[in-house]
Amino acid sequence: MTEANVPPVPETTAPSAPAFDRRMLEALICPESHTTLSYDQDANELVSEAAGLAYPIRNGIPIRLVDEARRLDP
């Protein structure tokens, strides 16, 4: 194959994380307070105001472990 026949190599970019499906909020509750969660799109977290915790979402998967949650500022 000559240089003229070589197809261009596409630029590599980091794969983007899958988006969180907001319909999941209907089924998810806080494991600490057993109340509903709200979605903070800017921080990509599920927030439990009752428990004062924010659960991270990684690769589109909510991590609802109290040990992994961030404490909300009072």
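The secondary structure of the chain comes to 0 helices and 5 strands, so that, read from the N terminus, the order of elements is β-β-β-β-β. The model is a predicted one, and its mean pLDDT is 83, with 77% of the residues reaching 70 or more. Among the elements, strand β5 (residues 70-71) has the highest mean pLDDT, at 98, while β4 has the lowest, at 91.

Strand β3 (residues 53-58) takes part in each of the pairings listed here, and the partners are set out in the table.

| Strand pair | Sense | Bridges |
|---|---|---|
| β2 and β3 | antiparallel | 4 bridges |
| β3 and β5 | antiparallel | 2 bridges |
| β3 and β4 | antiparallel | 2 bridges |

In the one formed by β2 and β3, 4 residues lie between the strands, and Gly52 in the turn has a positive phi of about 70°. In the one formed by β3 and β4, there are 2 residues between the strands, and the turn residue Asn59 has a positive phi of about 55°.

How enclosed is β3 by the rest of the structure? Because 5 of its 6 residues are buried, β3 is largely enclosed.

**The nonpolar core**

The largest nonpolar core is made up of 12 residues, namely Phe20, Leu25, Leu28, Cys30, Leu37, Tyr39, Leu46, Ala51, Leu53, Tyr55, Ile57 and Ala69. Strand β3 gives the most to this core, with 3 residues. In soluble globular proteins, nonpolar side chains tend to be buried together.

Leu37, one of the core residues, touches Leu25, Leu28, Ile29, Cys30, Leu46, Val47, Ser48, Tyr55 and Arg64, when residues up to four places away in sequence are not counted.

**Two contrasting positions**

Is Ser48 buried or exposed? Ser48, which lies in strand β2 (residues 45-48), has a relative accessible area of 0%, and because buried means under 20%, Ser48 counts as buried. Leaving aside neighbours within four places in sequence, Ser48 is in contact with Cys30, Ser33, Thr35, Leu37, Leu53, Tyr55 and Leu72.

Asn59, by contrast, is found in the loop between β3 and β4 (61-62), and its relative accessible area of 55% makes it exposed, since exposed means over 50%. Although Asn59 and Phe20 are 39 residues apart in sequence, they are 8.1 Å apart in space, C-alpha to C-alpha.

**The chain as a whole**

Of the 74 residues of the chain, 28% count as buried. The chain exposes about 5,800 Å², and carbon and sulfur atoms supply 51% of that area. Among the contacts between residues at least 6 apart in sequence, 22% join residues that are at least 24 apart.

Note on methods: Residues numbered from 1 in each chain as written. Predicted model: local features only at pLDDT ≥ 70, side-chain atom pairs only at ≥ 80, totals over all residues. Heavy atoms only, no water. Core = buried A, V, L, I, M, F, W, Y, C linked by side-chain atoms within 4.5 Å. Buried < 20%, exposed > 50% of the residue type's maximum accessible area, 1.4 Å probe, protein only. Contact = heavy atoms within 4.5 Å. pLDDT = per-residue confidence, 0-100. Areas by Shrake-Rupley, 256 points an atom, 1.4 Å probe, with all protein chains shown as cover. Pairing = 2+ DSSP bridges.
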